[in-house]
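Have a look at the structure first, then read on.

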Amino acid sequence: MSKTTPSVRNGVIDFWKFIFAVMIAHFHSNNMTDVKNIPFIGASPAVEFFFLVSGFLMAQSLSKYPKSTLIGRDTRNYLIHKIRGLCPEIFVAWGIGFVVQHIAKKNVTAVSIIKDLMAGVWDLFFLRESGLAGFVANPAAWYISAMLLAMLLLVPLYLKNPDMFINVWAPVIALASLGYLYQNVGNLRGPTDWLGFCYKGLLRALAELCTGSICWCICQNIKAIHFSRLGKCLLAILEFSCYLIMILWCYGHKGSKMDFVMLLLLAIGVTLTFSSQSITVPLFNRPFIYFLGKISLPLYLGHNYWSHALPRIYPDQAYLQLYPKYAALAVFTTAFIYLVSKGLRAAAPWFFKTCKELLTDHAPA
């Protein structure tokens, strides 16, 4: 492992983050065709992997919080920390999406641009999955909104009583939410489908963040076990089988009640991956794999608007003509978001320090 690479990174998780981000990007290419039989047409559940990982990391992070009566303050601070981790990528991607959507739009005027900017305020403040949906510059960002809004409900429950949350509230919320979706919808697709009281994406987030928290609890017990070499080999086979079965199923199956089985397989896989007990762990703890994990967020945020815009920009072109443009633009946008965000993050301390000096009075009273 490189000395400059933080040891807290999990190379296997980073690898799968990249693989599932690529699958999601390919899945969204179906927006460019009416023939819904492209490979990985069922890749939408790959998003469940990210929810499970977020739920796992949420529980892991909150378990280190000291006991406090200021639950509201700690919830606020946790969410601010979470949002900072998404910045500036989320805003850079939003700006690109806004421009791309208007390049593809017809009859764009200064008034319509201003109107769309005002209507997009809900997106900028991560509120889309609350039901306050206006102009959507980046369709893929629903996941960020759903995750943060779900955490707003779950984090104070955890901080109030961690034992009660992990052992009671998380299973109850997960089972109730998934049971409702299983009986009334029958799949985990369509995050912007309105259920009468919330978007489906928000209910998915609540269920799967809770499931990820349960995975964290189980993982702690697995970490305490000293496995033999044979045991580590068997864990590796089980771990990778969970992911590969899900990928193979997604290759040619659309949404169905099997989505819930795939979620269970992903939960098992995520639990085993985070335990770091598999014999394959050293193979993935490498700088290049860590880099793939880092660019998974820019890739996720930087592709979907192209799948909506390209058919409008090139209305006479077929899917096979549009796809190379889509893939190239997704790669370019990913690199742009990553590099610009890296530069902005480096310049942020100087920028905020300068703003503070210009806008505040440090003269003695």
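The notes below cover the basis of the model, its cysteines and its salt bridges.

## Basis of the model

This is a predicted model, in which local features need pLDDT of at least 70 and side-chain atom pairs count only at pLDDT 80 or more, while totals for chains, interfaces and linings use all residues. Residues are numbered from 1 along each chain as its sequence is written, and side-chain values use heavy atoms, with hydrogens and water left out.

## Cysteines

You will find zero disulfides here (a disulfide being a pair of cysteine sulfur atoms within 2.5 Å). The sulfur of Cys-215 has its closest cysteine sulfur in Cys-219, 8.7 Å away, which is too far for a bond. Cys-355 is also in no disulfide, with the sulfur of Cys-87 nearest at 16 Å.

Cys-215 is buried, at 4% relative accessible area, and Cys-355 is partly exposed, at 26%. Buried means under 20% relative accessible area, exposed over 50%, and partly exposed in between (1.4 Å probe, protein chains only).

## Salt bridges

The count is nine salt bridges, each a side-chain nitrogen of Lys or Arg within 4 Å of a carboxyl oxygen of Asp or Glu. One of them joins Glu-48 to Arg-204, with the closest N and O atoms 2.8 Å apart. This pair links distant parts of the chain, 156 residues apart: Glu-48 lies in helix H2 (residues 46-62) and Arg-204 in helix H9 (residues 200-223). Helices are DSSP runs (H or I, at least four residues), numbered from the N terminus. Glu-48 is buried at 0% relative accessible area, and Arg-204 is buried at 0%.

Definitions and conventions. Helices (H or I, at least four residues) and strands (E, at least two) are DSSP runs, numbered from the N terminus.
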